Amino acid sequence: MTRLMRAARMHDVGQPMVIEELPVPEVRPTDVLVKVAACGIVPNLGNVLANWTKWFPNLPLPKLPAIFGLDATGVIEAVGSQVHAWNPGDRVYVNPARYCGGCRACRSGNTTSCPYFTFNGYFGFSERSQKMFDDYPYGGLCEYMTAPQYSLVKLPSNLSFESAARFGYLGTGYRALRRAGVGPGSTVLINGISGTLGLGTALYALGLGARKILGTGRNLDLLQRVKNLAPDRIEVHQLGSDMTADVWAKGLTDGLGVDAVIDALGPGAPQSSMLEALAGLRRGGQQVNIGAVAGDVPIDLHYLMDNDIQLTGSVWFTAGQGQEMADMVEAGVVDLSVFEHHRYRLADINVALAGIENRDGGFSNFVICP
Ligand SMILES: [Zn+2]
């Protein structure tokens, strides 16, 4: 008899999800079957479901109906015949980054550059992504999902399923910090530090040993809560105040500027905030954009050249980097206990999506526990 599971599926863009019964998937040779314990709901999911096809027609959704859900955690229930490093019972995070495994980029280990790169249960980056959606049609908003063995992160016993369901945005910040070379001795400015993306970036900057973490944001109460995480190492600044962020940052760094800027501003943020942060970099500094400032931004390229400055984008993170992040939690150098979990049943997925508007910046963590 076919075993059935519950899954939340969207049948039409912008329509509420429907809870349906579907067969539990069969595990294929290089995949594992994960019994989902928690799936993170990122603030942007509502946009992806309702607005993505209008805003970013170049970033396609999976063919509908589809099971969404980006950041799943759970327990391995079965492994394929060619899976040797994982066992039933292992607690895992499933990195939703999918890639083909066969192209030149994948074979050289640079899987983020794969032309098939796709966010499982979320959206893709080209028309090639439908191939990945066909291979992996299960996002995290269901009871059982298949996942390639390459996507897994082993969770230590001191890392909860709910906290690990935050790994997507945490990992996006972590990869940006690594790209900017942040480590002991670094000064780093996080633009938008109190949001979902910025707070996670700050937690991992602390763990990587950054000497000074400067953060900007709009909400003074949230900024103070961020500063309280490490009052000796974190300084905060309200955007839109009399002093611009570059003057403020240079005032805290002997007039030199910061080593790195991670831009984690949310949708609708003015480009002036990004440009102020750029002006707060020291000579030879690096700015990595992972935020949502969109469209044309006027940048003086001569200034970048004269000051030997790098400005780059960064997308997501690898399973290997996710393992480093889990290891840092296991070792106690990163503390994720600041998150306030808001748990919802799968049947209440539409309520959860509506409720995420009322969050305490990055401190709130919305998860579905099927
Ligand atoms: Zn590839």
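Q: How are the donor residues of the zinc ion spaced in sequence?
A: Donors are N, O and S atoms within 2.8 Å of the metal (3.2 Å for Na, K and Ca); water is not among the atoms, so sites may look incomplete. Here the spacing is C-x2-C-x2-C-x7-C. The protein donors are Cys100 (SG), Cys103 (SG), Cys106 (SG) and Cys114 (SG), 2.3 to 2.4 Å from the zinc ion.

A: Two notes on the source. This is a predicted model: local features need pLDDT of at least 70, side-chain atom pairs count only at pLDDT 80 or more, and totals for chains, interfaces and linings use all residues. Residues are numbered from 1 along each chain as its sequence is written, and side-chain values use heavy atoms, leaving out hydrogens and water.

Q: Why is the arrangement around the zinc ion tetrahedral?
A: Four donors count as tetrahedral if all angles lie between 85 and 135 degrees. The ideal is 109.5 degrees. The four donor atoms here subtend angles of 105 to 120°, so the arrangement is tetrahedral.

Q: Is cysteine 114 buried or exposed?
A: Buried means under 20% relative accessible area, exposed over 50%, partly exposed in between (1.4 Å probe, protein chains only). Cysteine 114 has 5%, so it is buried. Cysteine 100, at 32%, is partly exposed.

Q: Which side chain of opposite charge is nearest to aspartate 71?
A: Lys and Arg count as positive, Asp and Glu as negative; His and the chain ends are not counted. For aspartate 71 it is arginine 166, 7.6 Å away. Aspartate 71 is buried yet has no salt bridge (a side-chain nitrogen of Lys or Arg within 4 Å of a carboxyl oxygen of Asp or Glu).

Note on methods. Tetrahedral: all angles 85-135°; square planar, octahedral: opposite > 155°, others 65-115°.
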